[in-house]
Amino acid sequence: MERVPNLTRADALAAVRNPLAFIAGRWTPHPRTVQRAAFAALAMGVIIVVTGGAVRLTGSGLGCPTWPTCTDTSLTTTRAMGFHGVIEFGNRMLTYVLCAAVGWAIVAARAQKPWRRSLTRLGWAQFWIVMGNAVLGGIVVLVGLNPYTVAAHFLLSSALIAVATVMWQRTREGDTAPRPLVGKAVQQLVWFLVVASGLLIVVGTVVTGAGPHAGDSKEVERIPVDWETVAKMHAVLAWIVVTLTFALWFVLKAVDAPPGPLHRTRELFLILLGQGVIGYVQYFTHLPEALVALHMLGSCVMWVGVLRVLLSLRERPVSVTGLPGPSTEASLTTA
């Protein structure tokens, strides 16, 4: 067994001054460990969205009526708060799990050899988004579940998922200049797809803010529009996204594109079909809570799928002096 060196006073001071550099000097993670850490952060970003939706769908949004404490006299939930207090406080505690996952991704990226500053910055970007969203979540409670703040809370979570997806992809690439795998016309089509998907998510938050699931059993402010009309607009945008995805797959086939973009586009098309079925069923069954939660999960998976299509349009091969591991094109065909 390898002997662990003694920790000197100088080591302790160095650890206090710069703990990440201290860890990096004593640990070199395997590239697969860094990839798993980045994926864990992404997975927790999706999970926190779904559990946040569960808080709203169970009417537990004000289960803890204040923030940062649960009540005016208690940091944690109390017996008097009942089931709703447990649900809301449990979701708050999951924020710490998310912070731990993001922290692990930051530490693993910083300790990787050679150090990739761009990868570490993506980890820190996630950290600050999580911190900002935690504060915004507190504001949501303090303003009594105002639907506009709830929508902003969800959109910031979508931004977190976007950064986490990029970091996860970058862990499987090198730091060389990106080389496009398709032409400009295809890239522009994909950017139209990304913008349409973003609008789809934004309009989805309006449907939520105007719909019947207010997040609490008491009277809660709603966005003053007819939610069924907005839901139909949401469905139109969904069909636009599906059409753009199908058109992209057809164009990629026509130009004999590499397998990576083709595979990612096909995966996205299947995700959109499943999400569409869930969306229509929940609409015609008057928004049962279980289907709404599943639709929220599908929204996150769809957003990840769209971003993976965008990221598959270029490759960053690993340089000879860079990290060991497969190139982007290879990873896209096997992931």
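The model is predicted. Its largest nonpolar core holds 68 residues. One disulfide turns up in a search of the whole structure.

**Nonpolar cores**

- Ile 161, Leu 248 and Trp 303 touch the most other members of the largest core.
- Eight helices each supply at least two residues of this core: α3 (31–57), α4 (82–111), α5 (117–142), α6 (147–170), α7 (184–210), α8 (227–254), α9 (259–284) and α10 (289–311).
- The top contributor is α7, with 11 residues.
- A second core is separate and has six residues. Among them are Leu 62, Val 140, Leu 145 and Val 220.

**Around Ile 161**

- Leaving aside residues up to four places away in sequence, Ile 161 touches Leu 42, Gly 45, Val 46 and Val 49, and also Cys 300, Trp 303 and Val 304.

**Helix α8**

- The end C-alpha atoms of α8 are 40 Å apart.
- An α-helix has 3.6 residues a turn, so residues three or four places apart point the same way.
- After α8 comes Asp 256, with a positive phi near 55 degrees.

**Gln 275**

- Gln 275 sits in helix α9.
- Its relative accessibility is 11%, so Gln 275 counts as buried.
- Gln 275 touches Leu 294, His 295, Gly 298 and Ser 299, with residues up to four places away in sequence not counted.
- Gln 275 and Met 296 lie 21 residues apart along the chain. Their C-alpha atoms are separated by 9.3 Å.

**Disulfide**

- Cys 64 and Cys 70 are joined by a disulfide, with an S to S distance of 2.0 Å.
- The link of Cys 64 and Cys 70 is left-handed, at -80 degrees about the S-S bond.
- Both Cys 64 and Cys 70 are buried.

Methods:
Residues numbered from 1 in each chain as written. Predicted model: local features only at pLDDT ≥ 70, side-chain atom pairs only at ≥ 80, totals over all residues. Heavy atoms only, no water. Core = buried A, V, L, I, M, F, W, Y, C linked by side-chain atoms within 4.5 Å. Buried < 20%, exposed > 50% of the residue type's maximum accessible area, 1.4 Å probe, protein only. Helix = DSSP H or I, 4+ residues; strand = E, 2+ residues; numbered from the N terminus. Contact = heavy atoms within 4.5 Å. Disulfide = S-S within 2.5 Å. Expected span 1.5 Å × (residues − 1).
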